[in-house]
Amino acid sequence: MRVKMYSLFDSKLILVLLMSLIPCDSVADGSSGDTTMHTNNWAVLVCTSRFWFNYRHMANTLSLYRTVKRLGIPDERIILMLADDMACNARNRYPAQVFNNENHRLNLYGDNVEVDYRGYEVTVENFLRVLTGRHETAVPRSKRLLSDEGSHILLYMTGHGGDEFLKFQDSEELQSHDLADAVKQMKEKHRFKELLIMVDTCQAATLFNQLQSPGVLAIGSSMKGENSYSHHLDSDVGASVVDRFTYYTLAFFERLNIYDNASLSSLFSSYNPSLLMSNASYRTDIYQRSLEKVPVTNFFGSVMETIPTDSAYKALTRKVSNKSNVQKYYSVHNERTLVDSNDQDKTFELNNEGQQVTSRCVWHNFYNKLQKVEDVDTMVNYGLVVMLPLLVVSTWLSR
């Protein structure tokens, strides 16, 4: 009996040791997606409509393009797909210009607009290839979505749609299950950490019905059975220049800058059904985080520089004779905090002739730095630096 008990104990001990050798990633499937740090943002902006009377759809897309660039997403991380070129259309009274307002104050088709897919390149096939990364070898890197498992992706689409479909080029359709399959492939290939899908079309919310992948948030301009309406007509252009949902989305973002912490909840709650003439609908059941805790710039803006440290982070910056109360932003683990520049360490000041005042003694400066040391490791490093010349001298004298 005693032998059996010992053998049973040994078996359990061996089992525990084997379990301890199993990597944590294999214990819980998908845990790596939860622990991956958010490192970059991408935007895929798609206008699916052709013909002059769909002028507003191109204006919608260019308006979002301008907004995400203003908030910090660079062109190399934006995929812009425009199904038609309204700027060069023969009906356009303002050649090479596109406007989203009848006052014509802002030309959306101005400088630095990089269109990645235009005209007949905007197809369902190419759209799905962009999402899944299944390109032919000849496709350049500038036309590829080079995201990774740390990416937040904004997918914006506008055009004509219906119950669980979105029309492309007035000749083919993207079905809700096509979108769901593409998103599933993206998740399996670790092409995003979080994905925000925004659609401005009739019955937009039905396009999200088949989505099942975690980490996906979706919002549409209208529910099933509802239309999505234009905002106003420009008599000079001869067509509507912006849709209501996109117009009020832009109105929300025009009040923000790159450092604002407005949440996704505040964006979603800003849509007024009486102004939209439809009910904006969003899906959050497969999105793990609370919308109140997610800044809109997590999708519409840039990722702030992150500096990992072992101890409390304290900024060391130089300032020149400036004692004004200037506040600067820093990001630590994707949470923006304010640091008062009056609390930052002072460095050398300039004299009347613009020359830097030299220190009276090297050891005096060294002593001042020691007074500010808050980390034991830093103190040890300073000690090693002091001991190095002493060691060299002693070695030289011993010869």
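**Before you start.** Residues are numbered from 1 along each chain as its sequence is written, and side-chain values use heavy atoms, with hydrogens and water left out. Because the model is predicted, local features need pLDDT of at least 70 and side-chain atom pairs count only at pLDDT 80 or more, while totals for chains, interfaces and linings use all residues.

**The whole protein.** Of its 399 residues, 41% count as buried (under 20% relative accessible area, with a 1.4 Å probe and protein chains only).

**Helices 4 and 7.** Next, select residues 55-70, helix 4, and residues 244-253, helix 7. How far apart are their axes? They lie 10 Å apart, and the helices pack at an angle of about 15° (axes are lines fitted to C-alpha atoms over the stretch in contact, and angles run from 0 to 180 degrees between N-to-C directions). The two helices are therefore roughly parallel to each other (angles under 35 degrees).

Now show side chains. Helix 4 brings N60, S63, L64, T67 and R70 to the contact, and helix 7 brings T246, L250 and F253 (contact means heavy atoms within 4.5 Å).

**Helix 5.** Finally, select residues 124-132, helix 5, where V124, F127, V130, L131 and T132 are buried.

Definitions and conventions: Helix = DSSP H or I, 4+ residues; strand = E, 2+ residues; numbered from the N terminus. Parallel < 35°, antiparallel > 145°, perpendicular 65-115°, else oblique. Buried < 20%, exposed > 50% of the residue type's maximum accessible area, 1.4 Å probe, protein only.
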